[in-house]
Amino acid sequence: MVRRRKYCKHCSGKYYFDYKDTRFLSQFISESGKIIPRRITGACAPCQRKIDTAIKRARHLALLPYVNR
Amino acid sequence: MRRYEVVFVLAPSLTEEEVEQMIETFTSVAKEKGAEIIEIDRWGKRRLAFPVKKHNEGYYMVLTLEESSGEAVFELERRFKVIDSVIRFLSVRIDQDLKRAEKFETKREARQKRRSRQRAKEKQEAVAEQE
């Protein structure tokens with residue numbers, strides 16, 4: 001049996017995660033506005049780190065919420 | 001040259017003219033400090049994700065500039081802090097990321113090319129075997 005190699009579907013698409021692209025980043029936050037963990041999104045460590053900083057930058061600019069009640 | 005992206009949010013209480021004036025002053029400040037303005041992206045009025053300084057909306061501006069030292073960005077940030085109608089700002093250096101992204105792109109293309117070539121070769125071999 002050939003086992004499919006696990007891969008990060010986010011890195012295969014792009015390298016730079018733009019903090020201005022709210023629609024893209026909103027995939028990685030939960031309804032309450034929290035960042036979704038890596039074990040659920042399936043992102044590799046470098047990707048998750050980039051997504052993380054992008055979300056935090058967007059939050060500072062009030063593009064994304066810190067909390068959604 | 002370093003490329004920076006400076007995003008700033010202006011209070012919604014300003015008129016369009018005042019906003020333009022602000023942009024004008026900021027660009028001239030940047031130019032004075034030896035930066036080259038590459039792009040000014042006006043997003044216009046946009047709803048904020050949460051109230052900032054009792055404002056629910058803001059004018060978003062993205063200023064892309066290129067300079068060698070970082071002085072222009074420093075001066076801009078100093079001014080942003082002083083002016084009350086700037087409600088949020090963020091400056092990010094992007095040249096390194098852009099370069100890395102480009103490198104990554106070319107690598108990926110090369111990989112894809114190699115793969116498709118290999119696939120074609122395999123197909124040929126399969127055909128030859130059948131015959």
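Predicted model: local features only at pLDDT ≥ 70, side-chain atom pairs only at ≥ 80, totals over all residues.
**Chain A, overall**

Start by selecting chain A. Chain A has 3 helices and 0 strands, and its elements run α-α-α from the N terminus on. Of the 69 residues in chain A, 25% are buried. Take the contacts in chain A between residues at least 6 apart in sequence: 70% of them join residues at least 24 apart.

Next, select G33(A), in the loop between α1 (22-25) and α2 (38-41) of chain A. Which residues does G33(A) contact, leaving aside its neighbours within four places in sequence? They are P65(A), Y66(A), V67(A) and N68(A). G33(A) counts as partly exposed because it has 17 C-beta neighbours inside 10 Å. To see a separation, draw a distance from the C-alpha atom of G33(A) to that of D18(A): the two residues are 15 apart along the chain, and these atoms are separated by 18 Å.

Then move to A62(A), in the segment that follows α3 (45-60) of chain A. A62(A) has 23 C-beta neighbours inside 10 Å and therefore counts as buried; the cut-off for buried is 20 or more. Check the backbone here as well: phi of A62(A) is near 60°, a positive value in a residue other than glycine. Most residues other than glycine have a negative phi.

Show the strands of chain B as a cartoon. Four strands form an open sheet in the order β2-β3-β1-β4, with antiparallel pairing. The edge strands are β2 and β4 of chain B, each of which pairs on one side only. Neighbouring strands of this sheet are turned by 20° against each other on average, direction ignored.

Select strand β1 (residues 2-10) of chain B. Why is β1(B) described as largely enclosed by the rest of the structure? Because 7 of its 9 residues are buried. One partner of β1(B) is strand β3 (residues 55-67) of chain B, paired in the antiparallel sense over 9 bridges. For a place to look, pick R2(B), whose bridge partner in β3(B) is E67(B).

β1(B) also pairs with strand β4 (residues 86-93) of chain B, in the antiparallel sense over 7 bridges. Two positions mark this pairing: E5(B) stands opposite V92(B) in β4(B), and the bridge partner of F8(B) in β4(B) is F89(B).

Now go to the loop between β2 and β3 of chain B and select K53(B). Phi of K53(B) is near 50°, again a positive value in a residue other than glycine. K53(B) has 13 other C-beta atoms within 10 Å, so this residue is partly exposed.

**Two helices of chain B**

Select helix α1 (residues 16-32) and helix α2 (residues 71-82) of chain B. Their axes are 8 Å apart, and the helices pack at an angle of about 145°. The crossing of α1(B) past α2(B) is right-handed. For the contact itself, show the side chains of F26(B), V29(B) and A30(B) in α1(B), which meet A72(B), E75(B), L76(B) and R79(B) in α2(B). The residues of this contact divide into 5 nonpolar, no polar and 2 charged.

While on helix α2 of chain B, select E71(B), which is found there. E71(B) is partly exposed because 14 other C-beta atoms lie within 10 Å. Not counting residues up to four places away in sequence, E71(B) touches K33(B) and G34(B). D84(B) is 13 residues from E71(B) along the chain, and the C-alpha atoms of the two are separated by 22 Å.

**Where the chains meet**

Finish by showing both chains and selecting the residues in contact between them. How many residues does each chain give to the contact? Chain B gives 12 and chain A gives 10. On the side of chain B that touches chain A, β1, β2 (36-52), β4 and α3 (95-130) of chain B each supply at least two residues. The residues on that side of chain B divide into 9 nonpolar, no polar and 3 charged.

Technical notes. Residues numbered from 1 in each chain as written. Chains lettered and ligands numbered in written order. Buried ≥ 20, exposed ≤ 12 C-beta atoms within 10 Å, placed from the backbone. Pairing = 2+ DSSP bridges. Axes fitted to C-alpha atoms, helices over the stretch in contact; angles between N-to-C directions. Left-handed = near helix turned anticlockwise from the far one by under 90°. Contact = placed C-beta atoms within 7 Å. Nonpolar A, V, L, I, M, F, W, Y, C, P; charged D, E, K, R; others polar.
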